[in-house]
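Subject: Structure handover

Hello,

Here is the structure I said I would pass on. My notes on it follow below.

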Amino acid sequence: DEKVITPALLDVLHKQIRSHETVQVEDLKTKWEQLSLPNDRLQEILRLGNFVADVKWLNFLSLACTSLEGNLTDAVTLLCKILTKDPEGGPARIAYDLFKQLYTYLAEVDGNITQEHIESVLAYLDNDAAKNDDMIGPAHFTHSFCPKLSG
């Protein structure tokens, strides 16, 4: 019986795989099936990320978050909640370098967000990160002064 993919199940999957930068597609399929997650969703994410043999785990996780959420801001918020070392319900901050890498990746896969817009988001957030020990979280990128992540 297949389950619906949920943030909690993505979190479980991340805890199983997070120590690896890349994971073989076959290993990922096995873990996905063990959680009874929908196979069509897995295939969709693999296709979207052009993953063939090796899967960059954090890129896959990022795409999985976008497939779960209706927009890029909510997807990145979920990603922060999964990747943060802050306690649950806390600010869900992640290292700014990691945020830049994953946001840029998602924006490029999206294809509708210009390089100029990505740079304007990061230019705004550079300042916040500098004041917060190079950490960034949803409170920063959802602030009314921050350019929208989705352009």
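Please keep in mind that this is a predicted model.

Helix 5 (72-83) and helix 6 (96-110) each contribute at least two residues to the lining of the largest cavity. That cavity has a volume of about 30 Å³, and the structure holds one cavity of 30 Å³ or more. Its lining consists of Val76, Leu79, Cys80, Ile94, Phe99, Leu102 and Tyr103. By type, the lining residues are seven nonpolar, no polar and no charged.

Next, the core. The largest nonpolar core has 49 residues, and Leu28, Phe60, Phe99 and Tyr103 have the most contacts inside it. At least two residues of this core come from each of helix 1 (7-17), helix 2 (25-34), helix 3 (39-48), helix 4 (57-68), helix 5, helix 6 and helix 7 (115-131). Helix 5 gives the most, with eight residues. Leaving out residues up to four places away in sequence, Phe60 touches Leu28, Trp32, Leu42, Ile45, Leu46, Phe51 and Val55. In soluble globular proteins, nonpolar side chains tend to be buried together.

As for the overall fold, the protein chain has eight helices and four strands, in the order α-β-α-α-β-α-α-β-α-α-β-α along the sequence. Its radius of gyration is 15 Å, close to the 15 Å that the globule rule gives for 151 residues, so the chain is as compact as a globular protein of that length. The C-alpha trace spans about 45 × 35 × 25 Å along its principal axes. Of the 151 residues, 42% are buried. Among contacts between residues at least 6 apart in sequence, 58% join residues at least 24 apart.

Regards

Methods
Residues numbered from 1 in each chain as written. Predicted model: local features only at pLDDT ≥ 70, side-chain atom pairs only at ≥ 80, totals over all residues. Heavy atoms only, no water. 1 Å grid on protein atoms, 1.4 Å probe; cavity = no way out; pocket = protein on both sides within 12 Å on 5 of 7 lines; lining within 4 Å. Points joined across faces, edges and corners; volume = space filled by probe spheres on them. Nonpolar A, V, L, I, M, F, W, Y, C, P; charged D, E, K, R; others polar. Core = buried A, V, L, I, M, F, W, Y, C linked by side-chain atoms within 4.5 Å. Buried < 20%, exposed > 50% of the residue type's maximum accessible area, 1.4 Å probe, protein only. Contact = heavy atoms within 4.5 Å. Rg over C-alpha atoms; globule rule 2.2 N^0.38 Å.
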